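Here is a brisk tour of side-chain contacts in one protein chain. Keep the structure open while you read.

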Amino acid sequence: MRPRDRRLCGSLVVVTVLLCLSAARPSAPSSAARGSDLTAAKPGEAHRRVKRGWVWNQFFVLEEYTGTDPLYVGKLHSDVDRGDGSVKYILSGEGAGSIFIIDESTGDIHATKRLDREEQAYYALRAQAVDRITNKPVEPLSEFIVKIQDINDNEPRFLDGPYVTSIPEMSPVGTSVIQVTATDADDPTYGSSARVVYSILQGQPYFSIEPKTGIIRTALPNMDREAKDRYLLVIQAKDMVGQMGGLSGTTSITVTLSDVNDNPPHFSRRFYQYNIPESLPVASTVAKIRALDDDIGPNAEMEYRIIDGDGLSVLKIVTDVETQEGIVTLQKELDFEKKSSYTLKIEVTNKNTDLRFQTLGPFADTTTVKLVVEDMDEAPEFNSPLYKMSVSEAASIGTAIGTVLAHDPDTANSPVRYSIDRNTDLERYFNIDATTGVITIAKSLDRETNEEHNITVLAMESQNPAQIGRGFVLISVVDVNDNSPEFPTDYETFVCENSNHGKIIQRISAVDRDKPPSGHHFYFSLAAGSANNLNFTVQDNRDNTATILTRRAGFSRQEQAVYFLPIVIVDNGTPPLSSTNTLTVRVCTCDDDGIAQSCNAEAFVLPAGLSTGALIAILACVLTLLVLVLLIVTLRRRKREPLIFDEEKDIRENIVRYDDEGGGEEDTEAFDMATLRNLNFIQDVKTRRDITPEIQLFSKATHKLSPDNIIFREFIWERMKGADTDPCAPPYDSLQTYAFEGNGSVAESLSSLDSITSVSDQNYDYLSDWGPRFKKLADMYGNSNDSMNS
């Protein structure tokens, strides 16, 4: 603080203290009178109220004093004090001794530290005057307030800044944007230190602010987001009512203009053209167009529609909600030969409109789209998607059934050749003429085997065989009467020995594999040779059934146990066909209710409803199941027990790695070399369980080591023979190892390199007896001793 300011502050303090004292003294008696009041009452006098000799309310101290000397606050004085130093002044309370000190003799109070009103606005202190010698109070304890007087030492602050807000674009002038508030820590009740006014430092001329309230409003009309969508404002708050010398603070406000639908959509071009191949499948996308809209979000959502053109039934347009594009798709197949181009007039509009801006013009735009169809090499087309033909099953091979016709839809109109897809005619019942498309029979037909044939005919361009069209032909086989009627099952019935005349013993029917248009009608009668049968008769019921009745009473099993009744069945075909079927009738002994008790030697049980053939079939099934069970049990038992009585594990089969050269004699990983190393082995005869001991292949034989290499060859031979004739050997080749060197083998080297000079025990004289073909060998080996001696 400058010296002039410090002197001014000191003068203000003195004036303040004097004003406070002068305001308090008129209501109090003089110090002389108060001094007499402090004396005690004489005896016999009435007690009266004793008033203190000095009164004060509060002292004022200017904050932020920065002088080097203690700041004078005020002076305490008692009327009892006569200036002789007998009275001592004591100060206590908040800050006493640390912030505030008092001169014990004069009562002067000073502040030793700089005070800040914003930290503490006042201090409550207590003062007392006591006798210096006795320390007894000469005045009662009194309290007073030291109030810190405010100065403008705090600038306004925006506690909620910086601010972010938004308003719709095109808002009218005066639209409220936001209200800002600044706070000042100075004393609002004293002076203008806390009286704030607002102003805009940056953001004009677009916005304005009310100085007292801090409300920000728009100041210009038609603020367009598409031109500028963000504004940065700097707001100032200044105290002292904005006067010069006041303190100020600033904050920033980011104002964003939100979008409104004030821009119509529009096409960037008035004409679009696309080339599309005629081979495009239905629902394919043929074109994409997009209108432009300066708005964003929902205000930029568009709808497209075809309002005119010659492709309304072939094409349609939809809006892609993600890209806001108009997608033109195909609704029907294109045909270059019928129509080579389409023209569409497409309109685009906003999906969401704002009535406030309808006066700006129509929120719609139009464009023209031309689609040029490109000619493609198309497959031949059949005149009909499905050909239906019919042929009699009695038709002969080579009979023409019908004709299919296909053509090349291209302008070239290439010739077409026909063939049948044999995957649809595996039995090759039909042929087709490659040029004319006439379908003929290639194999006899049978309606009862296959009533309908569904075949596919292929049509290929002569110039481009890769272009293949497919036609479908349904051939129905017409029935002819080529099957005779017959019994649906083998009928077998019985007649009781005590049957009466006219007794019904069986009801029969018939079946026919043919399928006449008017349905089946069967006629039943006895065969010609049995028309005068005296035992049974056939009664045709005229409903494709017949009834068998007895023609006499009483039958005897001893006379005849079984009757075979020939029945003729005739159908209604053209020509009619007939067959003779035999009904078996057995004679049985029955009870009073007509239930058979016993018939002939064959079992016949009526209640079970089973014929002799059925019983035989059941017995055959049972026997078959028993045989299967026995076979399974036998196989399992033989599988559990090995065929060879061999206690040791068979190690003949080994897995060998062929990508390894091996480790010589020490490599025993792949083979068990123990057998080859031991020539003194006993070859046990392995006994099979499934053959008798008389046909065993080998007997036990003991081979002993001999110094001659014949033993080694016999060993190799025995091993090979055992492998070839082993009944347990697998039905595939296995690796057999016969190489053997041994340690100190008496066989010595088997190489033939030294055979000329080495002494051999082998006698080859027998070669002379083998004829002239072995004469050379006999000369070389047969007389070896003589040759060497010579």
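A polar contact is a pair of N or O atoms within 3.5 Å. Within protein, one atom must be able to donate a hydrogen and the other to accept it. The model shown here is predicted.

**Around Thr-367**

Start with Thr-367, which is found in strand β21 (residues 364–374). Thr-367 has a relative accessible area of 2%, so it is buried. The side chain of Thr-367 reaches the backbone oxygen of Arg-270 at 3.2 Å. A polar atom of that side chain also lies 3.0 Å from the backbone oxygen of Arg-269.

Arg-270 has a further partner. Its side chain meets that of Asp-365 in a salt bridge (2.6 Å, N to O). Asp-365 lies in strand β21 and Arg-270 in the loop between β14 and β15, so the pair ties together parts that are 95 residues apart in sequence. Asp-365 or Arg-270: which is buried and which exposed? Asp-365 counts as buried, at 11% relative accessibility. Arg-270 counts as exposed, at 52%.

**Salt bridges**

Side chains of opposite charge can pair when their charged atoms come close. The whole structure holds 19 salt bridges. The table lists some of them.

| Salt bridge | N to O distance |
|---|---|
| Asp-365 and Arg-270 | 2.6 Å |
| Lys-339 and Asp-310 | 3.2 Å |
| Arg-132 and Glu-104 | 3.9 Å |

Arg-132 forms a salt bridge with Glu-104. This pair links distant parts of the chain, 28 residues apart. Arg-132 is in the loop between β6 (122–131) and β7 (142–149), and Glu-104 is in the loop between β4 (100–102) and β5 (108–111). Arg-132 is partly exposed, with a relative accessible area of 31%. Glu-104 is partly exposed too, with 41%.

Lys-339 forms a salt bridge with Asp-310. Here the two residues are 29 apart, again in distant parts of the chain. Lys-339 sits in the loop between β19 (326–330) and β20 (341–350), Asp-310 in the loop between β17 and β18 (315–319). Lys-339 is partly exposed at 30%, and Asp-310 counts as partly exposed at 38%.

Salt bridges also join into a network. Its members are Arg-447, Glu-448, Glu-451, Asp-479 and Lys-515.

**Aromatic rings**

The count of aromatic pairs comes to 13. Take Phe-267 and Tyr-304: their ring centres are 6.3 Å apart and their planes are at 50°, so the pair is tilted. Phe-267 is in the loop between β14 (248–258) and β15 (271–277), whereas Tyr-304 is in strand β17 (residues 302–309). They are 37 residues apart. Both Phe-267 and Tyr-304 are buried.

Phe-536 and Tyr-563 form an edge-to-face pair, 5.5 Å centre to centre, with 75° between the planes. Phe-536 lies in strand β34 (residues 536–540) and Tyr-563 in strand β36 (residues 562–570), so the pair ties together parts that are 27 residues apart in sequence. Phe-536 and Tyr-563 are both buried.

Tyr-206, Phe-207 and Tyr-231 form one aromatic cluster.

Charges meet rings as well. Lys-443 lies over the face of Tyr-429, 5.3 Å from the ring centre. The charged end of Arg-552 sits over the ring of Phe-555, 4.1 Å from its centre.

**A surface patch**

Which residues form a nonpolar patch on the surface? They are Ile-618, Val-622, Leu-623 and Leu-626, with about 360 Å² of accessible area together. Leu-626 is found in helix α3 (residues 612–640). Leu-626 counts as partly exposed, at 48% relative accessibility.

Definitions and conventions. Residues numbered from 1 in each chain as written. Predicted model: local features only at pLDDT ≥ 70, side-chain atom pairs only at ≥ 80, totals over all residues. Heavy atoms only, no water. Phe/Tyr/Trp six-rings, centres within 6.5 Å; stacked < 30°, edge-to-face > 60°. Helix = DSSP H or I, 4+ residues; strand = E, 2+ residues; numbered from the N terminus. Buried < 20%, exposed > 50% of the residue type's maximum accessible area, 1.4 Å probe, protein only. Lys NZ or Arg CZ within 6 Å of the ring centre and 35° of its normal. Patch = residues over 30% accessible without salt bridge, like charges linked within 9 Å, V, L, I, M, F, W, Y side chains within 5 Å. Areas by Shrake-Rupley, 256 points an atom, 1.4 Å probe, with all protein chains shown as cover. Salt bridge = Lys/Arg side-chain N within 4 Å of Asp/Glu carboxyl O.
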